[in-house]
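Student: I have a model open and would like to walk through it. Can we start with how the strands are arranged?

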Amino acid sequence: MTETGRLIPRRRDAHPVPYDPDYKTTMTRSPNLPLLSMESTPSEETGPRFGHGLIGALDNNLIVNFSKGAAPAIGERIRVHGRVVDENARPVPHTLVEVWQANAGGRYRHVRDTYFAPLDPNFGGCGRTLTDENGYYEFLTIRPGAYPWPNRGNDWRPMHIHFSLFGHSFGQRLITQAYFEGDPLIARCPIAATVKDRGQLDQLVAPLDMAASRPMDYLAYRFDIVLRGRRQTMFENKPEGM
Amino acid sequence: MVQKLGVLTETASQTGGPYVHIGCIPSFAGLPGVYPEDLGLSPMSDGAKGEVITITGSIHDGTGWAMRDAMFESWQADGAGRYPGQPGADPAVSGFCRFAADKDSGAFTLRTIKPGAVRGHDGRMMAPHISIWIVARGINIGLHTRIYFADEDNSADPLLARIEQRPRVETLMARPVGPGAYRFDIRLQGPGETVFLDI
């Protein structure tokens, strides 16, 4: 597949607003001044590549990767899978997908998480994989719990899994979150609500995918991801103004 | 009605949150052993050609507070201005590094090779720079910026030339503070706000 051409400029209205008083921390962490917009350069069109040698056999199985297979994590077993494509609907093959999440009780294994839900000795909460040649990926994990967080008086995060994606260029870099179909906390979450375009928020909600589930073993959720694409044209390398 | 374009929309970003380290640099986050080592520990290995430099700084929110929870990624060319994968690129330069603000002081350090100037699509040379991407709780979409070097000739750089308010160019300059040592501070908001990029 060709990977030439400038990156398609980001549609900022498809992304969360940077400043949102309902998500208090954004108020002091969002730039006041406009971003400097310009066409991508080789600095954004290139990016790190990671090979299969990086990925361990258990890396995409969060149920057992923390205990090295010794004992499974507690929780509802789920498979999360999907495709990574670009805005031109082309698959993004062999790209790194990293995930992290809370355990079944809504607790992260992190020095700063002081929520009193217990840690699971057999759950770390991170995983990674590479997409295959068709842009497909999958993880096995447990359904993360919802949890309270200090924002407004009584805010709770819906069940979610964080996703980190590289694509093939530094300008495609993206972190997002997958939510779960039917979770009533999505509509109450000020972080989800930073995405003002309803259709774009819907695209962050993974549907239950019974056809991909395994009887007597795990449910499945489908989460497809779109990364920035590149403009395809024969007029790419002319100096500006010509 | 018109023809259907068939163009998709990029998936919406969401904040990396306070625990972004778990997913990206788990050993740093206190989960050693999940992977052999954290990804992007260093942008170079032994034998990389060029000047080894250390860039230190901190990142400040709109109140001036040095944030303790930010994570950074850097991407850069080798000492001769070639990106990894390009013909002739230095095999000892991966170009990619992940680093984080210290959880107690907020300070960050990037030890790397000083990149060379890179040729742009229009043939103009971009002054030596390191691309930076910043994520943290409260940042809803990762922020792109660049580190340039105050001791280089930046006068013809195409990106810097587009900054209308010339004093703001200074926000992208790493300042020499000793042999091979630079200081680069980031301000998300308010006086001295760093120039962030939509690129």
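Tutor: A:Ser37 stands opposite B:Asp198 in β12(B). This is a predicted model, where local features need pLDDT of at least 70 and side-chain atom pairs count only at pLDDT 80 or more, while totals for chains, interfaces and linings use all residues. Residues are numbered from 1 along each chain as its sequence is written, and chains are lettered from A and ligands numbered from 1 in the order in which they are written.

Student: How many bridges join β1(A) to β12(B), and do they run parallel or antiparallel?

Tutor: There are 2 bridges between β1(A) and strand β12 (residues 197-198) of chain B, and the two run parallel. Strands (E, at least two residues) and helices (H or I, at least four) are DSSP runs, numbered from the N terminus. Two strands pair if DSSP finds at least two bridges between them.

Student: How many residues does the contact take from each chain?

Tutor: Chain A gives 70 residues and chain B gives 60. Contact here puts the C-beta atoms of two residues, placed from the backbone, within 7 Å.

Student: Which element has the largest share of the side of chain A that touches chain B?

Tutor: That is β9(A), with 4 residues. By class, this side of chain A has 30 nonpolar, 27 polar and 13 charged residues. Ala, Val, Leu, Ile, Met, Phe, Trp, Tyr, Cys and Pro count as nonpolar, Asp, Glu, Lys and Arg as charged, and the others, Gly among them, as polar.

Student: Where is β9 in the open sheet of chain A?

Tutor: The order of the 5 strands is β4-β3-β8-β9-β10 in chain A, with mixed pairing. β4 (126-130) and β10 (205-206) of chain A are at the edges with a single partner strand each, so one side of each has no neighbour in the sheet. β9(A) and β10(A) run parallel and are joined by 2 bridges; A:Tyr179 has A:Val205 in β10(A) as its bridge partner.

Student: What does B:Ile134 touch?

Tutor: Leaving out residues up to four places away in sequence, B:Ile134 touches B:Ile59, B:Ala70, B:Phe72, B:Ile139, B:Gly142 and B:Leu143.

Student: How many helices and strands does chain B have?

Tutor: Chain B has 2 helices and 12 strands. Buried residues are 50% of its 199 residues.

Student: What does β1(B) pair with?

Tutor: Strand β1 (residues 52-60) of chain B pairs with strand β4 (residues 107-113) of chain B in the antiparallel sense over 7 bridges, with B:Val52 opposite B:Ile113. β1(B) also pairs in the parallel sense with strand β10 (residues 181-183) of chain B over 3 bridges.

Note on methods. Buried ≥ 20, exposed ≤ 12 C-beta atoms within 10 Å, placed from the backbone.
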